[in-house]
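Look at the structure first, then read on.

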Amino acid sequence: MDVAIVGYGLAGAVFHAPLIAAQPRMRVAAVVTGSPERAEQARRAHPGVRVFPDVDALFAAIGDFGLVVVATPNRTHALIARRAVDAGVPAVVDKPFAVTSAEAEDVLRRAEHAGVPLSVFQNRRWDGDFRTVRALVEGGELGEVRRFESRFERWRPVPKGGWREVGGVADGAGTLLDLGSHLVDQALTLFGPARSVYAELDNRRAGVTTDDDAFLALTHTSGVRSHLSMGAVTPQLGPRFRVLGSESGYVTYGLDPQEDALRAGGDPREEGWGTVEPDRWGLLGADPDLTPYPTLPGDYPAFYTAMAAAILDGAHAPVDPHDAVAVLRVLEAARRSAGSDAVVHLA
């Protein structure tokens with residue numbers, strides 16, 4: 001299957017392209033970029049790739065491709081995905097699915113009407129630590145889960161100045177939509193829909209025009225409470241996950257190694273891909289009896305394996321786009337909560 005990647009920055013070049021190239025049923029056949037440097041980078045990494053200067057040029061030849069991957073700035077996600085599904089071509093959209101839930105719902109309706117597969121790249125579902133948490137929760141190892149803590153924290157006191165920091169809500173800027181898309185998706189995947197949201201959004205750094213520090217408290221219909229922290233101004237990082245149940249708990253630090261491996265040019269087909277060394281395993285148990293617990297390997301390649309099956313075999317998409325709409329509704333409720341200093345109840 002020939003795949004066209006729209007956008008060849010960090011997302012397109014580092015996250016999507018290597019995973020697509022590693023999938024035997026797919027190949028990186030085209031990229032869209034207006035940058036001569038990125039075009040040359042794509043040609044070196046994927047010999048024979050076609051380079052289009054803009055989206056219009058790609059869609060003039062859209063019949064040549066079996067999948068469009070949208071890896072552009074957030075504000076353009078829905079627009080490009082809509083063009084793909086309207087042309088009858090399956091699409092993968094990088095997170096966030098769209099800037100608003102209304103935009104996302106429109107794309108979803110169009111895909112369903114056209115009968116084409118559509119998915120959202122929530123790759124963090126295949127982080128090794130999240131896979132481990134999911135296995136512990138579903139296996140009942142923790143008893144009844146009562147509280148779930150999840151963090152994506154960074155220490156970046158000096159802004160980089162890109163659109164994620166100086167853009168507005170309409171651009172999809174800010175840490176809430178960026179990192180929050182991952183954290184909320186993981187919480188909903190584990191514990192089901194949220195019935196209420198409380199949020200705190202702050203702008204801590206000079207020169208940054210949007211939120212760079214955020215906290216969300218979700219109460220799920222299942223009764224579990226999720227506390228989600230994200231931001232760029234954390235001088236001491238907390239646990240990546242801390243899950244507290246009636247019988248046991250689990251805590252782990254640090255990020256899944258797959259992102260760093262991809263940034264370093266690693267090949268997802270390498271033996272041992274996604275493996276976490278024992279000195280980085282989390283701890284399972286109840287004080288004082290805590291035991292290192294093996295972290296399952298991370299598996300980002302599973303996303304495009306499942307996407308190939310969805311397109312070629314009629315299987316389910318790796319991430320149901322309805323899930324991504326639900327995430328956006330929670331994030332919108334979080335913004336309303338932060339603006340009113342009140343808990344927002346979801347229907």
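Helix H4 (residues 77-86) packs against helix H5 (residues 101-114) at an angle of about 10 degrees, and their axes lie 9 Å apart. This is a predicted model: local features need pLDDT of at least 70, side-chain atom pairs count only at pLDDT 80 or more, and totals for chains, interfaces and linings use all residues. Residues are numbered from 1 along each chain as its sequence is written, and side-chain values use heavy atoms, with hydrogens and water left out.

**The helix pair**

- H4 and H5 are therefore roughly parallel to each other (angles under 35 degrees count as such).
- From H4, Ala78, Ala81, Arg82, Val85 and Asp86 take part in the contact (heavy atoms within 4.5 Å).
- Their partners in H5 are Glu103, Asp106, Val107, Arg110, Ala111 and Ala114.
- The residues of this contact are six nonpolar, no polar and five charged (Ala, Val, Leu, Ile, Met, Phe, Trp, Tyr, Cys and Pro count as nonpolar, Asp, Glu, Lys and Arg as charged, and the others, Gly among them, as polar).

**The second largest pocket**

- The second largest pocket holds about 290 Å³ of space.
- A pocket is an open set of points on a 1 Å grid over the protein atoms alone, where a 1.4 Å probe fits, with protein on both sides within 12 Å along at least five of seven lines; lining residues have an atom within 4 Å of a point.
- Its lining has 17 residues, and Pro18, Ala45, His46, Gly265 and Gly266 lie nearest the centre.
- Helix H1 (10-21), helix H2 (36-45) and helix H9 (258-263) each give two or more residues.
- H1 gives the most, with five residues.
- By class, the lining has 10 nonpolar, four polar and three charged residues.

Technical notes:
Axes are lines fitted to C-alpha atoms, for helices over the stretch in contact, and angles run from 0 to 180 degrees between N-to-C directions. Helices (H or I, at least four residues) and strands (E, at least two) are DSSP runs, numbered from the N terminus. Angles under 35 degrees count as roughly parallel, over 145 as roughly antiparallel, 65 to 115 as roughly perpendicular and the rest as oblique. Grid points are joined across faces, edges and corners, and a volume is the space filled by probe spheres set on the points.
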